[in-house]
Amino acid sequence: MSDLVPLPVVIPLLGAAITLMLTRFPQAQRVVSLTALSAVLGVAIALLAVVSERGPLVVSVGGWPIPLGIVLVADQFAALMLVVSAAVTLCVLVYSIGQGLADGSEDTPISIYHPSYLVLTAGVTTAFLSGDLFNLYVGFEILLVASYVLITVGATEDRVRAGTTYVVVSLLSSLLFLTGVGLVYAAAGTLNMAQLAGRLDALPDGLRLMLNCMLLLAFGIKAAVFPLSAWLPDSYPTALAPVTAVFAGLLTKVGIYAIIRVETLLFPGGPTPDLLLVLALLTMLVGILGAIAQSDVKRMLSFNLVSHIGYLLFGIGLATDRGLSAAIFYAVHHIAILTTLFLVVGLVERFAGSTSLDRLGGLARLSPLLAILFFVPAMNLAGIPPFSGFLGKLGLIQAGVADGGALPLALVAGGLATSLLTLYALARVWNMAFWRPPTIAPEPAGEPRLPWLMVGSTVALVVAGLALTVLAGPLFDVTVNAADDLLDRAPYVDAVRDAGAR
Amino acid sequence: MSPNLTYVVVVGVLVAAGVTLLLERSLTRVLMGIVLLANGVNVSILAGGRFGGAPIVGTTPDGEMSDPLPQAMILTAIVITLGITAFLLALAYRSWRLVGNDEVQDDVEDRRIVTLAEQDAGPGGDEESDEDSDDEGTTGP
């Protein structure tokens, strides 16, 4: 059964190699990437099923003895994130194929798009499965390098400008991470996370705090936590619509995943959860206030993305069973919904030729389908019952109230305020772009047709977002189990140790 | 084990120079800064391992071997930095081709919003009322 574990990394990498060889045959490239990502989704679902039943699976790469070689570990948390990310990347791939087919290959250089996209997927899955701190760094680098290529595809002036900021900031965070890895190794003499869990506990408190903060700083940049989030709304909106969508859905959440691992497995206890709570509050409020000021839908959504990272940190900062499980649920919801919204905005841009609120208008009359596709995930993001956004926020708020301290209660208030302001920001988009009379907008020339593949994949994601509501019960069961395992640490550590003894 | 002082000084100088260059506006200097910074980080990782002879069985007695793991990690990090340096150079070149320089520019949309906010407050408010009175002036009579 543990043979399944390396597959989510190996399949996309192999796919990337094959698509790179097939650059002259776009049709074959599409088939290969679709097959590869569908296979990853299948493997991820199988992994989640197996792991939920039997506990974490461990593989030592290359058969090296365990503390020496690299291990890949799939516990419930990693498997759940794998399933969600595989589903989202598959949908976005279908969307971008639709866009590529409709545009022809002049605007979008497809030949490099597919290999980069598959490498990005491999980087994300490596980061999720990695049981070794240095391998986590490598996973991050794989996904970042692929994202550098994707964000500057076409190399127009805007993309070069935005790409420069993005590359320099990401590079700096990687260097901080690498420094952190070096210091952890110097202090503990190992980078295997299960082994570190025991050894870091024995270190003096000051040293532990320093190492912890170093890693949090690096992941904080990647996850766009407030004082470190300014790069995100600047760089994401200029990329291609599917690229922005997959970045918004996945990349920041990989940072959050790493923060959760660091906080639960490596450095539990200690003073950092309180710090995270304060940062969570600031991220929520500053992010959403930024969103209100924007007049471009993509930028407004980017600020919303930053703001809602605050909810995830809230759950992590509580460091309780309930908080963590709600945070994991919210992460799943957040990945699905933000990707959907960015894809819908891509459709809007295609339909009306702009994403600026000054130019849009009357879309609800011009294209009712588009209006529904925007409205449902928008209300979901704002947390209107009965959608999954409401359930996730409810879980977080219950966890905050159950904790009862002054800081968690302040966060509960901040979370409610942010939720209202999100509703305001999204309602503004709805009123300006969809609801007001279409006279203000220039009539789209020649009634552009939306390619059915693009619409179909967006519909699939909207439906997936709704399915999160219907399946919230079983999903919460999984997240509660995952959170228990994370806080307990023993299942993860024991699984790696047993695999080493075998 | 206490770290070698030479390494600590080298790391300090490299990182300080790297950070200074990183704060520049020209992408080429930023790139130089990143290269220095990355080398500084690599040396600091090296300083974290044990020193000694070549870690090959048979050439060095077991107790006197250096720690090979930091060296392996640095090798990986060097390869990654090399690739990204090449990519950034290409970006700087592309930016030079498009704009004529390689300065990192401000966020266009941010500047626009700031201008709008300035117009709403302060002297901009007067302008708006001026326009209003102009309108009245033209339509009134």
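A residue counts as buried when its relative accessible area is under 20%. The legends below describe close-up views of a predicted model.

**Figure 1. Chain B as a chain of helices.** Buried residues make up 29% of the 141 residues in chain B. The chain has five helices and zero strands, so that, as these elements are counted from DSSP runs, the order from the N terminus on reads α-α-α-α-α. Among the contacts in chain B with a separation of 6 or more, 49% come from residues 24 or more positions apart.

Figure 2. An unreviewed UniProt entry carries the annotation "transmembrane region" for residues 6–23, 30–52 and 72–93 of chain B. Two of these stretches are described here. Residues 30–52 of chain B are 83% helix and 0% strand, and the C-alpha atoms at the ends of this stretch are 36 Å apart. Residues 72–93 of chain B are 100% helix and 0% strand, with 32 Å between the end C-alpha atoms.

**Figure 3. The interface of chain B and chain A.** The size of an interface is often given as the accessible area lost when the parts come together. Here chain B and chain A bury about 2800 Å² between them, and 75% of that area is on carbon and sulfur atoms. M73(B), I84(B) and F87(B) supply 18% of the area that chain B buries against chain A, more than any other three residues. The contact involves 35 residues from chain A and 34 residues from chain B.

**Figure 4. The side of chain B that touches chain A.** Sorted by class, the side of chain B that touches chain A has 22 nonpolar, seven charged and five polar residues.

Figure 5. T164(A) is located in helix α6 (residues 157–188) of chain A. Is T164(A) buried or exposed? Its relative accessible area is 6%, so T164(A) is buried. Leaving aside residues up to four places away in sequence, T164(A) touches L27(B), L91(B) and V104(B).

**Figure 6. S66(B) in a loop of chain B.** S66(B) is found in the loop between α2 and α3 of chain B. Its relative accessibility is 7%, and therefore S66(B) counts as buried. The side chain of S66(B) makes a polar contact with the side chain of Q71(B), at 3.5 Å. Apart from residues up to four places away in sequence, S66(B) touches R50(B), F51(B), G52(B), G53(B), P55(B) and Q71(B).

**Figure 7. Two salt bridges that share D201(A).** The structure holds seven salt bridges over all chains, and this view shows two that involve D201(A). D201(A) forms a salt bridge with R208(A), in which the closest N and O atoms are 3.1 Å apart. D201(A) is partly exposed at 37% relative accessibility, whereas R208(A) is buried, with a relative accessible area of 12%. The side chain of D201(A) also meets the side chain of R489(A) in a salt bridge, at 2.7 Å from N to O. This second pair links distant parts of the chain, 288 residues apart. R489(A) is in the loop between α19 (472–488) and α20 (490–501) of chain A, and D201(A) is in helix α7 (residues 193–201) of chain A. At 16% relative accessibility, R489(A) counts as buried.

Figure 8. R497(A) and D494(A) form a salt bridge, with 3.5 Å between the closest N and O atoms. Both residues lie in helix α20 of chain A, three residues apart, about one turn of the helix. R497(A) is exposed, with a relative accessible area of 54%, whereas D494(A) is partly exposed, with a relative accessible area of 28%. By comparison with the previous view, salt bridges that share partners join D201(A), R208(A) and R489(A) into one network.

Key: Residues are numbered from 1 along each chain as its sequence is written. Chains are lettered from A and ligands numbered from 1 in the order in which they are written. This is a predicted model: local features need pLDDT of at least 70, side-chain atom pairs count only at pLDDT 80 or more; totals for chains, interfaces and linings use all residues. Side-chain values use heavy atoms; hydrogens and water are left out. Contact means heavy atoms within 4.5 Å. Buried area is the accessible area (1.4 Å probe) that two parts lose on being put together, summed over both. Ala, Val, Leu, Ile, Met, Phe, Trp, Tyr, Cys and Pro count as nonpolar, Asp, Glu, Lys and Arg as charged, and the others, Gly among them, as polar. UniProt positions are given in the numbering used here, feature names are shortened, and annotations may be inferred rather than shown by experiment. Helices (H or I, at least four residues) and strands (E, at least two) are DSSP runs, numbered from the N terminus. A salt bridge is a side-chain nitrogen of Lys or Arg within 4 Å of a carboxyl oxygen of Asp or Glu. Buried means under 20% relative accessible area, exposed over 50%, partly exposed in between (1.4 Å probe, protein chains only). A polar contact is a pair of N or O atoms within 3.5 Å; within protein, one must be able to donate a hydrogen and the other to accept it, and residues adjacent in sequence count only if both atoms are side-chain atoms.
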